[in-house]
Amino acid sequence: MDANRRLDKFLFMYMKNAPSSLVYKLLRKKRIKLNGKRASGGELLADGDTIGMYLSQETISELRKAGEHSLPSQRELDIVFEDEHLLIVNKPIGIPSHGGMKGKDAHLLARVLYYLRKTGAYPHDATFTPALCNRLDVNTSGLVICGKNYQAIRAVNAAFANKGSIDKFYLAIVQGELHGSATLEGHYQKDTSTNTARISNHPDSPRAITVYKSISISQGQSLVQINPVTGRSHQIRAHMATIGHPLMGDKKYGGKAVPYNSGQLLHCYQLKLTKPFINYPTDTTWTAEPPENFIQIIKELNLCNPRKQL
């Protein structure tokens, strides 16, 4: 399970309560060895490797205790799919994918870890922590993949990095009448000071590619399907605003406010494999229903039911 992991990454997870500086200090002082030899931490583990820790059992036990920061949330998950490799959930709006915004456990990863701890997939003595393989903005809902083991995370991350291996499809309601379909291309720039992105003509910036297809139009608003081919942060929001069709509810990018505390009306409703990985064949598809407030706004605007059009 830990083959091909860096030694230091393994040690960080094995000794959850040890700061990274202490781990590297123990390596420098030869208190931790790999196969009886001095190690730096950058070595890749292989099946059959032996890690020696020249520490007291009391010290090891203390360093392995999980700190309070790792205590996860007990809230329910909307589980779309689960097997021994993956847990795929439908993230609600209003919570970040990871921590750092609303408290130590008010994020999706905390809920996932609590669930996996409760079901036994993430035991207290685990040397590996499951992780999210993609993330969504706080007020974007939809499908998020969690890798339950190291091999799964490597496979999913490689598939996301290999453009076209996993297609991500979103539903969005945008302002204005948007007809037909198109591929939007431009150069992507991110302003970290304002946490906003923009599409420009700057040749030294990375490319951003977004494909959209109009589903229905009503009352001056459009329901669209969007595939962010390059998948950069805020890419959909910035690209749609650039062409004069910001997402409804996306005030940061010029969208008008919407009812029901909905945030931007953007939902990742489908993930589809175009190439196989692990034991999932090509065309494997996972789908998640939009949240109730999204559906309610679709009804109020007399837009079509997306399930009948896609």
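A residue counts as partly exposed when its relative accessible area lies between the buried limit of under 20% and the exposed limit of over 50%. In this predicted model, Asn-35 is partly exposed because its relative accessible area is 40%.

**Positive phi angles**

Asn-35 is in the loop between strand 1 and strand 2 (37–38). Its phi is near 55°, a positive value in a residue other than glycine. Lys-30 also has a positive phi, of about 60°, although it is not a glycine. Lys-30 belongs to the loop that runs between helix 2 (20–28) and strand 1 (32–34). With a relative accessible area of 41%, Lys-30 is partly exposed.

**Cysteines**

A disulfide is a covalent bond between the sulfur atoms of two cysteines. How many disulfides does the structure have? The count comes to zero. The cut-off is a sulfur-to-sulfur distance within 2.5 Å. For Cys-268, the closest cysteine sulfur is that of Cys-133, at 13 Å, which is too far for a bond. For Cys-304, the closest cysteine sulfur is in Cys-268, at 19 Å, again too far for a bond. Cys-268 is buried, with a relative accessibility of 0%.

**Aromatic pairs**

A pair of aromatic rings is described by the distance of the centres and the angle of the planes. The structure holds seven aromatic pairs. One of them joins Phe-12 and Tyr-24; the planes of these rings stand at 85°, so the pair is edge-to-face, with the centres 5.8 Å apart. This pair links distant parts of the chain, since Phe-12 is in helix 1 (residues 7–14) and Tyr-24 is in helix 2, 12 residues apart. Tyr-24 is partly exposed, at a relative accessible area of 29%.

Phe-277 and Tyr-280 also form an edge-to-face pair, with 5.5 Å from centre to centre and 70° between the planes. Phe-277 and Tyr-280 are both buried. They belong to one aromatic cluster together with Phe-81 and Trp-286.

**Charges over rings**

Which residues place a charged end over the ring of a tyrosine? The distances to the ring centres are listed below.

Conventions: Residues numbered from 1 in each chain as written. Predicted model: local features only at pLDDT ≥ 70, side-chain atom pairs only at ≥ 80, totals over all residues. Heavy atoms only, no water. Helix = DSSP H or I, 4+ residues; strand = E, 2+ residues; numbered from the N terminus. Buried < 20%, exposed > 50% of the residue type's maximum accessible area, 1.4 Å probe, protein only. Phe/Tyr/Trp six-rings, centres within 6.5 Å; stacked < 30°, edge-to-face > 60°.
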